[in-house]
Amino acid sequence: MDFVEDVRSILTEIDVFGYPLMPYHTCSTENAILEAMAVGIPPVLLNQLTEKYIVEDGITGFIVNNKEEYGKIIRYLYKNEDVRKKLVKMRENMFLTNIQAKTF
């Protein structure tokens, strides 16, 4: 896929944002992860580099250590819409708390 102006229209078609990058990639992932989270898609990421600092494991998404855990969590989230919605709600609450704490 090439560059698109309206990322939201594409991301809203996704239930889970799986992003298994190679361990030594060049830190170009932050925007993609944040864009997915902004439209309410819980991410599943490998425990490496910057990814582990963006997502709180089990709260705003999942951090996994290997391909077996990755597959297990992807399937679990795909089959459990209520869990996906709970993750999104917790992310929204954390965002609002952090913004309010810094604003006021």
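How many helices and strands does the protein have? It has 5 helices and 3 strands. This is a predicted model, in which local features need pLDDT of at least 70, side-chain atom pairs count only at pLDDT 80 or more, and totals for chains, interfaces and linings use all residues. Residues are numbered from 1 along each chain as its sequence is written, and side-chain values use heavy atoms, with hydrogens and water left out.

**View 1. Order of the elements.** From the N terminus, the elements run α-β-α-β-α-β-α-α. Helices (H or I, at least four residues) and strands (E, at least two) are DSSP runs, numbered from the N terminus.

**View 2. The largest nonpolar core.** Ten residues form this core: Val16, Val44, Leu46, Phe62, Val64, Tyr70, Ile73, Leu77, Val83 and Leu87. Such a core is a set of buried Ala, Val, Leu, Ile, Met, Phe, Trp, Tyr and Cys residues joined through side-chain atoms within 4.5 Å. Buried means under 20% relative accessible area (1.4 Å probe, protein chains only). At least two core residues come from each of strand E2 (43–46), strand E3 (62–64), helix H4 (67–79) and helix H5 (81–103). H4 gives the largest share, 3 residues.

**View 3. Around Tyr70.** Tyr70 touches Gly18, Tyr19, Pro20, Val44 and Val64, leaving aside residues up to four places away in sequence. Contact means heavy atoms within 4.5 Å.

**View 4. The aromatic pair.** The count is 1 aromatic pair. Phe17 and Tyr19 are stacked, 5.0 Å centre to centre with 20° between the planes. Rings of Phe, Tyr and Trp (its six-membered ring) pair if their centres lie within 6.5 Å; planes under 30 degrees apart count as stacked, over 60 as edge-to-face and the rest as tilted.

Notes: Buried < 20%, exposed > 50% of the residue type's maximum accessible area, 1.4 Å probe, protein only.
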